[in-house]
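I opened this notebook to keep track of what I looked up. The entries follow the order in which I went through the model.

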Amino acid sequence: MRLTRYTDYAIRVLIYLGSRDTGLGSIRDVSKTFDISQNHLMKIVQDLAANGFIEAVRGRNGGIRLARPPGDINLGQVLRHTEGLDELLECSTCMIAPACGLPPLLAEATRAFVSVFDKYTVADLIRNKQHLRALLALA
């Protein structure tokens, strides 16, 4: 299974924000740090905020931050949201779907894949916080 860029960038945003000690980050900073389009990041940030992973603070001194402690943001939940992992293949319109064994196999494979991410949180991704801060120029 291959994750989309959308998920990649969403996880990078969470890592960046989780690596900050205090204050608000900005889409601009994340964009510059990872060399990602600000417009693309804006969509991802809006989506992450609308779904309770991050908080967007409006206004002159606004910015973005994690909506919850890093240990409370489960990667399996992030993955399910960003990848929309309900169905890997659209089998409902296939003429052999009623007799085919592929749909339950795909469902099992997806559950197994995501179950690994269910074991981890953003806190696990930022365990080496000092080194991350140095690499992200947050020091």
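Which residue forms a salt bridge with aspartate 21? I found arginine 133 as the partner, with the closest N and O atoms 3.6 Å apart. I took a salt bridge to be a side-chain nitrogen of Lys or Arg within 4 Å of a carboxyl oxygen of Asp or Glu.

**Ground rules**

I note that this is a predicted model, in which local features need pLDDT of at least 70 and side-chain atom pairs count only at pLDDT 80 or more, while totals for chains, interfaces and linings use all residues. Residues are numbered from 1 along each chain as its sequence is written, and side-chain values use heavy atoms, with hydrogens and water left out.

**Overall layout**

I listed seven helices and two strands in the chain. Helices (H or I, at least four residues) and strands (E, at least two) are DSSP runs, numbered from the N terminus. From the N terminus on, the order reads α-α-α-β-β-α-α-α-α. The C-alpha atoms fill a box of roughly 55 × 30 × 25 Å along the principal axes.

I then looked up burial and found that 34% of the 139 residues count as buried. Buried means under 20% relative accessible area, exposed means over 50%, and partly exposed lies in between (1.4 Å probe, protein chains only). For contacts (heavy atoms within 4.5 Å), I noted that among those between residues at least 6 apart in sequence, 67% join residues at least 24 apart.

**Salt bridges**

I went back to the charged side chains; the count of salt bridges is six. In the pair I began with, arginine 133 counts as buried because its relative accessibility is 12%, whereas aspartate 21, at 49%, is partly exposed.

Another bridge joins aspartate 8 and arginine 12, at 2.9 Å from N to O. Both residues lie in helix 1 (residues 5–19), four residues apart, or about one turn of the helix. Aspartate 8 is partly exposed at 31% relative accessibility, and arginine 12 is partly exposed at 26%.

I also checked arginine 127 and aspartate 124, whose closest N and O atoms are 2.5 Å apart in a salt bridge. Arginine 127 is exposed, with 67% relative accessibility, and aspartate 124 is partly exposed, with 23%. Salt bridges that share partners also join Asp21, Lys129 and Arg133 into one network.

**Nonpolar core**

How many residues does the largest nonpolar core have? I read off 27, and those with the most contacts inside it are Val13, Leu14, Leu17, Leu41, Leu48, Ile54 and Ile73. Such a core is a set of buried Ala, Val, Leu, Ile, Met, Phe, Trp, Tyr and Cys residues joined through side-chain atoms within 4.5 Å. Two or more residues each come from helix 1, helix 2, helix 3 (38–50), strand 2 (63–66) and helix 4 (75–83). Helix 1 gives the largest share of this core, eight residues.

Threonine 7 counts as buried because its relative accessible area is 0%. Beyond its neighbours within four places in sequence, threonine 7 is in contact with Leu79, Thr82 and Glu83.

**Largest pocket**

I looked for open space next. The largest pocket holds about 290 Å³ and is lined by 14 residues, of which Ile27, Val45, Ala56, Arg58 and Ile64 lie nearest its centre. On a 1 Å grid over the protein atoms alone, a pocket is an open set of points where a 1.4 Å probe fits, with protein on both sides within 12 Å along at least five of seven lines; lining residues have an atom within 4 Å of a point. Grid points are joined across faces, edges and corners, and the volume is the space filled by probe spheres set on the points. Helix 2, helix 3, strand 1 (54–57) and strand 2 each supply at least two lining residues. Helix 3 gives the largest share of the lining, four residues.
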